[in-house]
Amino acid sequence: MNIETVFETLKNNQNIDDDFKELIQELIIIFTKFFPNVDLTNLNNKLKDLKIIKANKLISKDIIDYNVVNNELIFNLEEIMKDYDLRHVLMHGLLRVITSYDNTFGFDQNNRFTALNIGYTEIITNFIIGNESILTLFDDEVIATNLIADVVGHDVLFQAYFTNNANLLASTLIDKGVE
Amino acid sequence: MKSKTMDLMNANYLSRKCDNNNVYRSTLGDIEKIIIDAYIKNPHTEEEVNNFEANLYGNSSMFDDDIHKSVDNVYPYWDVAKTNIQTYSYDTEQSLGRTI
């Protein structure tokens, strides 16, 4: 998928304001510099009607969430008022969009790997764009996922994440004796 | 696949995500222990062991008080567990035709 096509799709999205569009475009460029081989077809499809929603914490305490079914990136209104690095938060959300499939994203499947999936998304986010705020995201999940990566191998997590391959992850966890 | 580790991680995450009454307490320490149990089942180079240890200890600057409480008892657990890790040298790895 040509990146210019993705930008055109983003430009035509009527649900996202121009400031967000500009930021999303910048983040897509950064993403493709790090991972030029990741196909953007899914992102392009999602950007056609992606919505940015601001919600209160009664729904979730996470600062960012992605509803795959409704194709909504959801920002926690209360949390976003704090001093988070917005580019970092949005990059985390975009990774969920890029790797989304069925009703989930990354290597999750039937909610089996939810926390590991979120931890890995945050690790990739840190790798791509860093974090200029002292406020960090998903600390427990990042710490545990880094340790799991030492057990199963970072390459396995990477491949499983960007190919939505939960079976690869599950079989490797078993092989390595992760109960 | 039923995984105790994934179940613990998911439960910890979801209880924090849905904690609207501020009663959440991190269970990261329990999670780290069960990952240690898996880690020591496989042989590692000394470099890998040091890296794993750094991942246990090295992130403590980002720990809040709640996580500190949860992981305090992990370190003595690791100190014992790591004595049971089968280690091999880089030379051994090369002789096996594998790449680190």
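**Chat about chains A and B**

Author: Let's start with Thr125(A), which sits in helix α6 of chain A (helices being DSSP runs of H or I, at least four residues, numbered from the N terminus). This is a predicted model, where local features need pLDDT of at least 70, side-chain atom pairs count only at pLDDT 80 or more, and totals for chains, interfaces and linings use all residues. Residues are numbered from 1 along each chain as its sequence is written, chains are lettered from A in the order in which they are written, and side-chain values use heavy atoms, with hydrogens and water left out.

Reader: Is Thr125(A) buried or exposed?

Author: Thr125(A) is buried, at a relative accessible area of 0%. Buried means under 20%, exposed over 50%, and partly exposed in between, with a 1.4 Å probe and protein chains only.

Reader: And what does Thr125(A) touch?

Author: Skipping residues up to four places away in sequence, Thr125(A) touches His88(A), Met91(A), His92(A), Leu95(A) and Gly130(A); contact here is heavy atoms within 4.5 Å. A polar atom of the Thr125(A) side chain also lies 2.6 Å from the backbone oxygen of Thr121(A).

Reader: OK, switching to the interface. How many residues does each chain put in?

Author: Chain A gives 32 residues and chain B gives 34 residues. Between them they bury about 3,000 Å², 59% of it on carbon and sulfur atoms. That area is the accessible area (1.4 Å probe) lost on putting the two parts together, summed over both.

Reader: How many salt bridges across it?

Author: Three by the rule, which asks for a side-chain nitrogen of Lys or Arg within 4 Å of a carboxyl oxygen of Asp or Glu. Glu141(A) pairs with Arg16(B) in a salt bridge, their closest N and O atoms 2.7 Å apart.

Reader: Which elements of chain A are on that side?

Author: Those giving two or more residues to the side touching chain B are α6 (114–129), α7 (139–152) and α9 (166–175) of chain A. α7(A) gives the most, with 11 residues.

Reader: Now chain B. Where's Tyr57(B)?

Author: Tyr57(B) is in helix α3 (residues 46–57) of chain B. At 28% relative accessibility, Tyr57(B) counts as partly exposed.

Reader: What's Tyr57(B) in contact with?

Author: Leaving out neighbours within four places in sequence, Tyr57(B) is in contact with Tyr75(B), Trp78(B) and Asp79(B). Its C-alpha is 9.5 Å from that of Val71(B), 14 residues apart along the chain.

Notes: A polar contact is a pair of N or O atoms within 3.5 Å; within protein, one must be able to donate a hydrogen and the other to accept it, and residues adjacent in sequence count only if both atoms are side-chain atoms.
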